[in-house]
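Here are a few exercises to work through with the model open on your screen. Have a go at each one before you read its solution.

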Amino acid sequence: MDSLALGADLEPEPVVDEHSTVTLHVNGEPTTLTVDHRTTVLETLRESFGLTGAKKGCDHGQCGACTVLVDGRRVNSCLLLAVAQDGATITTVEGLADGGSLHPVQRAFVERDALQCGFCTPGQICSAVGMLREAADGHPSHVTRPDAAATGPVALDADEIRERMSGNLCRCGAYPRIVEAIEDVIE
């Protein structure tokens with residue numbers, strides 16, 4: 001039997017558009033762009049917006065170098081598809097400063113020299129900003145005392161800070177100064 005005759009009555013494959021138009025509010029600026037469905041928020045920030053603060057470290061959500069804030073919550077941008085963030089507000093380390101004034105966490109990192117090579121620093125800073133908000137909103141961590149009030153802010157001591165920042169890795173070992181910088185902000 002002729003192989004062409006077997007496929008003669010098959011419908012042609014439909015053409016699937018693998019791109020969508022989304023609007024992202026990045027560092028206070030709404031931008032509409034067309035993204036490939038497979039493109040991550042990290043790739044979009046770096047390639048479409050030229051924002052290179054968030055870094056591609058492990059590309060598996062394990063190191064935290066890509067941490068940004070999405071709708072005020074810290075996320076690993078290497079794991080988020082940009083197409084799924086239509087309408088989201090995204091804040092990168094570049095968007096934390098208020099004009100010429102550094103964000104208090106940025107300022108504390110500089111004052112405490114809480115960085116060495118600096119590769120992880122943008123993710124550490126964004127994570128710290130998100131973590132401070134989570135604690136202020138009363139979200140417990142693994143080390144939060146069970147008798148802590150579930151309705152108010154969680155007190156942040158060094159153990160709480162270390163636990164909450166444990167998703168951000170620093171190869172240089174600047175952890176003590178990172179904890180000190182965050183403590184400076186909450187005092």
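Two strands count as paired if DSSP finds at least two bridges between them. Keep in mind that this is a predicted model.

**Exercise 1.** Find the strands that pair with strand 3, and say how they run.

*Solution.* Start with strand 4 (residues 73-76): 4 bridges join strand 4 to strand 3, so the pair passes the cut-off of at least two. These two strands run antiparallel. Now zoom in on Leu69: Arg74 stands opposite it in strand 4, while Thr91 is its bridge partner in strand 5. Finally, look at the hairpin of strands 3 and 4, with 2 residues between the strands, where Asp71 takes a positive phi near 50°.

**Exercise 2.** Sort the residues of strand 3 by the way they point; are they buried or exposed?

*Solution.* Strand 3 covers residues 67-70. Thr67 and Leu69 point one way, Val68 and Val70 the other. As for burial, all of them are buried.

**Exercise 3.** Track down the residues that touch the most other members of the largest nonpolar core.

*Solution.* This core has 25 residues, and the ones to pick are Phe109 and Ile182. Helix 3 (104-111), helix 4 (121-136) and helix 6 (175-186) each supply at least two residues, with the largest share, 7 residues, coming from helix 4. Leaving aside neighbours within four places in sequence, Ile182 is in contact with Phe109, Ala128, Met131, Leu132, Ile161 and Met165. Apart from this core lies another, of 17 residues, including Val68 and Val70 from Exercise 2.

Definitions and conventions
Residues are numbered from 1 along each chain as its sequence is written. This is a predicted model: local features need pLDDT of at least 70, side-chain atom pairs count only at pLDDT 80 or more; totals for chains, interfaces and linings use all residues. Side-chain values use heavy atoms; hydrogens and water are left out. A nonpolar core is a set of buried Ala, Val, Leu, Ile, Met, Phe, Trp, Tyr and Cys residues joined through side-chain atoms within 4.5 Å. Buried means under 20% relative accessible area, exposed over 50%, partly exposed in between (1.4 Å probe, protein chains only). Contact means heavy atoms within 4.5 Å.
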